[in-house]
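Please keep the sequence and the model in view while reading.

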Amino acid sequence: MTYCGIDCCKECSRLAECGGCEKCKGHPFGGSCVAERNKNFAELEKSLVSEINALGIDGLEVNDLFLLSGAFVNLEYPLPNGTSVKFLNDKDVYLGNQIEKKTSDRCYGVVANEDFILVSEYGCNGAEPKIVLYKKNKK
């Protein structure tokens, strides 16, 4: 088992980089992990799935969320002023999923934690990302 009790390290492609959750005491890659921070992680995940599905975004239905490295899901979004910005921390671990749009060659990307939900749309390998929704959770 891992530091937080969820056995996710065995499936992580970056395990050699951080050494596993027990070795880094729940702070893989030097950041923070949503699973380690939340004692009732399963309930948080279930709540976020329900909240995402209730957003009413056409074609977006999430059944599962997975632990994902920020470096993997931190896309650079273009802004109207011509600059681009990343919203996540590459070192943190978030909950997320990718959902293929049925009527398009694009996908929805969902990234969330206890503080926010970010829904984006993008092409192959994260090309041309666009923010669909950013929702900050009330504390």
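The sections below treat the overall fold, the strands, the cores, the salt bridges and some surface features.

**Basis of the description**

This is a predicted model, in which local features need pLDDT of at least 70 and side-chain atom pairs count only at pLDDT 80 or more, while totals for chains, interfaces and linings use all residues. Residues are numbered from 1 along each chain as its sequence is written, and side-chain values use heavy atoms, with hydrogens and water left out.

**Overall fold**

The protein chain contains five helices and seven strands. Helices (H or I, at least four residues) and strands (E, at least two) are DSSP runs, numbered from the N terminus. Along the sequence, these elements follow the pattern α-α-α-α-β-α-β-β-β-β-β-β.

Of the 139 residues of the protein chain, 42% count as buried. Here buried means under 20% relative accessible area, exposed means over 50%, and partly exposed lies in between (1.4 Å probe, protein chains only). The chain exposes about 8,500 Å², of which carbon and sulfur atoms supply 50%; accessible areas come from the Shrake-Rupley method with a 1.4 Å probe, and for residues only the protein chains shown count as cover. Among the contacts (heavy atoms within 4.5 Å) with a separation of 6 or more, 44% are between residues 24 or more positions apart.

**Strand E4 and its partners**

Strand E4 is mostly covered, with six of its eight residues buried. Two strands pair if DSSP finds at least two bridges between them. Strand E1 (residues 66-69) runs antiparallel to E4 and is joined to it by four bridges; in this pairing, Leu-68 stands opposite Tyr-94 in E4. E4 also pairs with E5 in the antiparallel sense, over six bridges, and Gln-98 has Gly-109 in E5 as its bridge partner. E4 and E5 form a hairpin with six residues between them.

**Nonpolar cores**

A nonpolar core is a set of buried Ala, Val, Leu, Ile, Met, Phe, Trp, Tyr and Cys residues joined through side-chain atoms within 4.5 Å. The largest such core has 20 residues, and those with the most contacts inside it are Leu-48, Ile-52, Leu-60, Val-62, Leu-65, Val-110 and Val-119. At least two residues of this core come from each of helix H3 (34-37), helix H4 (41-53), strand E4 (93-100), strand E5 (107-112) and strand E6 (116-122). H4 gives the most to this core, with five residues. Another core, of ten residues, lies apart from it and includes Leu-88, Tyr-94, Cys-107 and Phe-116.

Leaving aside neighbours within four places in sequence, Val-119 is in contact with Leu-55, Ile-57, Leu-60, Tyr-108, Gly-109, Val-110, Ile-131, Val-132 and Leu-133.

**Salt bridges**

A salt bridge is a side-chain nitrogen of Lys or Arg within 4 Å of a carboxyl oxygen of Asp or Glu. The whole structure holds four salt bridges, and the table presents some of them.

| Pair | N to O distance |
|---|---|
| Glu-51 and Lys-135 | 2.2 Å |
| Glu-121 and Lys-101 | 2.9 Å |
| Glu-121 and Arg-106 | 2.7 Å |

The bridge between Glu-51 and Lys-135 links distant parts of the chain, since Glu-51 is in helix H4 and Lys-135 in strand E7, 84 residues apart. Glu-51 is partly exposed at 21% relative accessibility, as is Lys-135 at 31%. Beyond four places in sequence, Glu-51 touches Ile-117, Lys-135 and Asn-137.

Lys-101, Arg-106 and Glu-121 are linked in a network of salt bridges. Glu-121 is buried, with a relative accessible area of 16%; Lys-101 is buried at 18%, and Arg-106 at 13%.

**Surface features**

Leu-79, Phe-87, Ile-131 and Tyr-134 form a nonpolar patch on the surface, with about 360 Å² of accessible area together. Patches are made of residues with over 30% relative accessible area and no salt bridge, like charges being joined within 9 Å and nonpolar side chains (Val, Leu, Ile, Met, Phe, Trp, Tyr) within 5 Å. Ile-131 lies in strand E7 (residues 130-136) and is partly exposed, with a relative accessible area of 36%.

Asn-125 is found in the loop between E6 and E7, and Glu-128 is also found in the loop between E6 and E7. Although not a glycine, Asn-125 has a positive phi of about 60°; Glu-128, also not a glycine, has a positive phi of about 50°. Asn-125 is exposed, with a relative accessible area of 78%, and Glu-128 is exposed at 61%.
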